Amino acid sequence: MESRLEIIVRSTEIDVNGHVNNAKYLEYLEWGREEWYELSELSYETFGSMGIQTVTVNININYKKECKQGEHLTITCRPDKIGRSSYVLKQEIYNKHGELCADALVTSVTMDSSTRKSVEAPEALRKHFS
């Protein structure tokens, strides 16, 4: 399943170069992942009830096209691959013309909330990667 989140670039997200600051793209991606988790019925509470948390361990992002104040953007998120405890979500940011502005592979790990050690990804997450 792929999620889609629509946003509008605000003035506070612009840097001295007149476009979206590179760090804001990471925040946009986070918002997109949260949308995917909610649509996949994998909220913080759901993971918490399993004694699990997820933690982002790597983000590889490619900046393709600058975004400016007032632009309408779409952030997509979909499962890419899964291992024992780690999994990768593929994300993209498009402008209203359908042009790719950024893409990223985001790797996260499932960990036991108490021990803070990695644990096998639960079936509730795995089923989205088939």
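Author: Let's start at K90, which sits in strand β4 (residues 86-95); strands here are DSSP runs of E with at least two residues, helices are runs of H or I with at least four, and both are numbered from the N terminus. Before going further, a word on the basis: this is a predicted model, where local features need pLDDT of at least 70, side-chain atom pairs count only at pLDDT 80 or more, and totals for chains, interfaces and linings use all residues. Residues are numbered from 1 along each chain as its sequence is written, and side-chain values use heavy atoms, with hydrogens and water left out.

Back to K90: its relative accessible area is 18%, so it counts as buried (under 20% is buried, over 50% exposed, and partly exposed lies in between, with a 1.4 Å probe and protein chains only). Skipping neighbours within four places in sequence, K90 is in contact with T76, C77, R78, D80, D103, A104 and L105, where contact means heavy atoms within 4.5 Å.

One of those partners, T76, belongs to strand β3 (residues 72-82). T76 is buried too, with a relative accessible area of 1%. Again leaving out neighbours within four places, T76 touches E2, S3 and R4, along with K90, Q91, E92 and Y94.

Now for the rings. The structure holds 7 aromatic pairs; rings of Phe, Tyr and Trp (its six-membered ring) pair if their centres lie within 6.5 Å, and planes under 30 degrees apart are stacked, over 60 edge-to-face and the rest tilted. One of them is W36 with F129, an edge-to-face pair at 6.5 Å centre to centre and 70° between the planes. W36 is in helix α1 and F129 in the segment after α3 (123-126), so this pair ties together parts that are 93 residues apart in sequence. Both W36 and F129 are buried. Then there's Y37 with F47, also edge-to-face, at 6.1 Å centre to centre and 80° between the planes. Here Y37 comes from helix α1 and F47 from helix α2, so the parts tied together are 10 residues apart in sequence. Y37 and F47 are both buried. Ring pairs link W36, Y37, F47 and F129, together with Y87, into a cluster.

Y37 and F47 turn up again in the lining of the largest pocket, next to E30, R33, E34, L42, S43, Y44, T54, V55, T56 and S108. A pocket is an open set of points on a 1 Å grid over the protein atoms alone, where a 1.4 Å probe fits and protein lies on both sides within 12 Å along at least five of seven lines; lining residues have an atom within 4 Å of a point. The volume of the largest pocket is about 180 Å³, counted as the space filled by probe spheres set on the points, which are joined across faces, edges and corners. Helix α1 (22-39), helix α2 (44-49) and strand β2 (52-63) each supply at least two lining residues, and α1 gives the most, with 4. By type, the lining divides into 5 nonpolar, 4 polar and 3 charged residues.

E41, in the loop between α1 and α2, has a positive phi of about 60° although it isn't a glycine. At 64% relative accessibility, E41 counts as exposed. R116, in the loop between β5 (100-112) and α3, isn't a glycine either, yet has a positive phi of about 65°.

Definitions and conventions
Nonpolar A, V, L, I, M, F, W, Y, C, P; charged D, E, K, R; others polar.
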